[in-house]
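Hello,

Here is the structure I promised to pass along. Could you open it beside this email as you read?

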Amino acid sequence: MSNDIQLSDSDGVVLVKTARKAVTEFLSNGNRMKLESDLEEKFSFNSGVFVTLNNPDGLRGCIGFPMPEKKLSHAIIEGAIAAATEDPRFPSVKTNELNDIVFEVTVLTPPVEIDVSDPMEYLEKIKVGRDGLIIRHSFSSGLLLPQVPVEYGWDVEEFLQHTCEKAGLERNTWKNEDVKIEKFEGIIFKEETPNGAIVREET
């Protein structure tokens, strides 16, 4: 794991509980909560973060900020509310669904461009389970979190192909010379069951 970001297990518990509370309060009364001042200070560093919501049928929403352009104290709340209400793939979450949803928070290390002289080198420089990917080509970009290829059993090439598709590109666009591919790592915390114990996912 990159040394840029150090989060304890107790930090992870706070972040996941904050994500759930932010969504609950927003759905219940439209309020955008703020962290208490000590936590605001603790998470005052800039970081990318994604909030993922899963129910028994699978994904229920996932939105976040890939680049470290916002303070984590703000991004965690904005990302959680957006995952529940703004993911274009799903209708907005209803309050009565919350007891069936598992909350997951992925804090991202800053993306680093993968330097290759031949696109086939990507296959050696990307590790499934550790790395997330961002692919940029022309005006398109797509991101997949490190846990996605693990969930679907993809190898590195399939991971690259699906990240291209996420960007709206042809599956093999990653082989083009003018494509920019970045990798990042994720520190993942999630509820074991809805509203249950919160654990760090080992990557």
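Below is what I found in it, from the overall fold down to single residues.

First, the ground rules. This is a predicted model, in which local features need pLDDT of at least 70, side-chain atom pairs count only at pLDDT 80 or more, and totals for chains, interfaces and linings use all residues. Residues are numbered from 1 along each chain as its sequence is written, and side-chain values use heavy atoms, with hydrogens and water left out.

**Overall fold**

The chain has six helices and eight strands (DSSP runs numbered from the N terminus: H or I of at least four residues for helices, E of at least two for strands). From the N terminus, their order is α-α-β-β-α-β-β-α-β-β-α-α-β-β. The C-alpha atoms fill a box of roughly 50 × 35 × 30 Å along the principal axes. The radius of gyration is 17 Å, which agrees with the value near 17 Å for a compact globule of 203 residues (taken over C-alpha atoms; the rule is 2.2 Å times the number of residues to the power 0.38). Buried residues make up 47% of the 203 (buried is under 20% relative accessible area, exposed over 50%, partly exposed in between, with a 1.4 Å probe and protein chains only). Of the contacts with a separation of 6 or more, 70% join residues 24 or more positions apart (contact means heavy atoms within 4.5 Å).

**The cores**

The largest nonpolar core has 34 residues, and V105 and V107 have the most contacts inside it (such a core is a set of buried Ala, Val, Leu, Ile, Met, Phe, Trp, Tyr and Cys residues joined through side-chain atoms within 4.5 Å). At least two residues each come from α1 (9-29), β1 (48-55), β2 (58-65), α3 (72-85), β3 (102-108) and β7 (180-191). Helix α3 gives the most, with nine residues. A second, separate core has 24 residues, including C62, Y122, L160 and V179.

Beyond its neighbours within four places in sequence, V107 is in contact with residues including I5, L15, V49, L72 and I187. T18 sits in helix α1 and counts as buried because its relative accessible area is 7%. Leaving out residues up to four places away, T18 touches M33, L35, I76 and I77.

**The largest pocket**

The largest pocket holds about 580 Å³ of space. (On a 1 Å grid over the protein atoms alone, a pocket is an open set of points where a 1.4 Å probe fits, with protein on both sides within 12 Å along at least five of seven lines; lining residues have an atom within 4 Å of a point. Points are joined across faces, edges and corners, and the volume is the space filled by probe spheres set on them.) Of its 21 lining residues, C62, R89, L143, L144 and K166 are the closest to its centre. Elements that supply at least two lining residues each include β5 (131-137), β6 (140-144) and α6 (156-166).

**Single residues worth a look**

P149 lies in helix α5 and is buried, because its relative accessibility is 1%. Apart from neighbours within four places, P149 is in contact with V128, W154 and F159.

Most residues other than glycine have a negative phi. S138, in the loop between β5 and β6, has a positive phi near 55 degrees and is exposed at 64% relative accessibility. N195, in the loop between β7 and β8 (198-201), has a positive phi of about 65 degrees and is exposed at 51%.

Best wishes
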